[in-house]
Amino acid sequence: MIKKLEDLSKRFEEVSKLIADPDLVKDQTKYKDTMRENQYLSDLMDLYAQYKKILNGIEEDTRLITEEEDHDMKELAREELKEYEEQKPKLEEQIKLKLIPPDPLDEKNIILEIRSAAGGDEASLFVRDLWEMYIHLAERKGWKTESMEVQETEVGGFNKIVTSISGKFVYGTLRWESGVHRVQRVPATESQGRLQTSTATVAVLPEADETEIVIKPEDVRVDVMRAGGPGGQCVNTTDSAVRLTHIPTGIVVIQQDEKSQHKNKAKAFQVLRARLFDLEESKKQAERSKTRQSMVGSGARSEKIRTYNFPQDRITDHRINMSVHNLPSFMMGNMDNLLDALNVYAKEEQFKDISDLA
């Protein structure tokens with residue numbers, strides 16, 4: 001770890017010189033990347049300075065205890081040494097986690113897709129509950145949300161709902177939410193009080209800029225049609241709905257929530273870019289070591305990641321074997337403890353991967 005920190009200390013000196021170059025700002029992409037790296041290294045060097053102070057303190061106090069003849073000085077050294085030895089492992093854990101460079105994707109906005117799976121009407125109600133949970137979280141975080149697509153059911157749930165969420169560190173916070181979410185509870189429609197298990201799938205897609213994912217016009221078939229479902233005369237009597245078919249991948253995106261065909265088309269391309277970007281990132285992850293892939297699961301929609309057990313007031317994340325209680329509060333978006341634990345676990349697995357490679 002010390003060698004790694006020394007290497008990064010040299011890199012910090014190099015980056016400090018780079019940001020002093022007035023020509024750097026001419027290349028905005030390079031400028032942003034350099035400033036991000038500088039901030040990361042600056043924070044790490046602060047921790048390293050604290051660590052070196054503790055190591056020097058341990059060395060000096062050990063020497064005093066061994067060589068000093070004054071009894072009071074020895075006692076002071078022993079007390080200080082005890083404090084240093086308590087601080088050292090905690091700081092080492094902080095540094096280990098910090099040694100994992102930040103993923104540029106963490107700063108991205110997301111497209112959140114939630115779909116009902118097994119469970120019929122109850123599954124659609126669970127989709128609504130999950131969506132409201134993430135909306136509450138977004139409100140607390142000060143994130144902006146925008147509806148992209150909604151497929152309501154007669155019982156007041158959603159078969160599918162797609163939402164754009166933008167703000168600070170959105171993908172970094174929610175990236176491990178992709179997968180199958182399972183609920184165990186007595187449905188409101190169940191007259192005999194029987195427990196039912198239902199599922200919904202969540203996909204968290206990092207949004208892509210047009211410069212990151214270039215979609216060739218000849219690769220997309222654009223169809224316009226009349227929107228289906230409720231929406232009033234204007235929605236159902238004009239060709240406002242848009243369906244995009246990406247020919248190389250077969251990905252299909254349908255957008256019909258807006259009355260304007262132009263707006264529906266823009267939103268459809270936004271979702272298509274996010275899905276293509278996610279496809280590319282999935283390919284990259286598949287090429288990495290299997291240790292890194294298994295951090296907290298593959299993120300595949302087929303993987304059961306969490307159970308919401310209402311009778312027992314318990315939420316269990318199966319990837320890290322962590323359970324938390326107070327389910328009503330959790331469903332109001334107070335889920336930071338679990339999200340933080342997932343991110344810490346993922347970083348610890350990444351650190352093991354880096355150590356193995358070293």
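**Close-up views of a predicted model**

**View 1. Lys141 and its partner Asp336.** With a relative accessibility of 36%, Lys141 counts as partly exposed, in a model that is predicted rather than determined by experiment. The side chain of Lys141 meets that of Asp336 in a salt bridge, with 3.0 Å from N to O. This pair links distant parts of the chain, since Asp336 belongs to helix α10 and Lys141 to helix α4, 195 residues apart.

**View 2. Asp336 and Arg140.** Asp336 also forms a salt bridge with Arg140, where the closest N and O atoms are 2.4 Å apart. Here again distant parts of the chain are linked, with Asp336 in helix α10 (residues 336-357) and Arg140 in helix α4, 196 residues apart. Asp336 is partly exposed at 22% relative accessibility, and Arg140 is likewise partly exposed, with a relative accessible area of 42%.

**View 3. The buried pair Glu122 and Arg185.** Glu122 forms a salt bridge with Arg185, and the closest N and O atoms are 2.4 Å apart. Because Glu122 lies in helix α4 (residues 120-141) and Arg185 in strand β4 (residues 179-185), the pair ties together parts that are 63 residues apart in sequence. Both Glu122 and Arg185 are buried.

**View 4. An open sheet of three strands.** The strands follow the order β6-β7-β8 and pair in antiparallel fashion. Strands β6 (220-225) and β8 (251-255) stand at the edges with a single partner strand each, so one side of each has no neighbour in the sheet. From one strand to the next, the twist averages 15°. Six bridges join β6 to β7 (residues 241-246), and Val222 has Leu244 in β7 as its bridge partner.

Key
Residues numbered from 1 in each chain as written. Predicted model: local features only at pLDDT ≥ 70, side-chain atom pairs only at ≥ 80, totals over all residues. Heavy atoms only, no water. Pairing = 2+ DSSP bridges. Helix = DSSP H or I, 4+ residues; strand = E, 2+ residues; numbered from the N terminus. Axes fitted to C-alpha atoms, helices over the stretch in contact; angles between N-to-C directions. Salt bridge = Lys/Arg side-chain N within 4 Å of Asp/Glu carboxyl O. Buried < 20%, exposed > 50% of the residue type's maximum accessible area, 1.4 Å probe, protein only.
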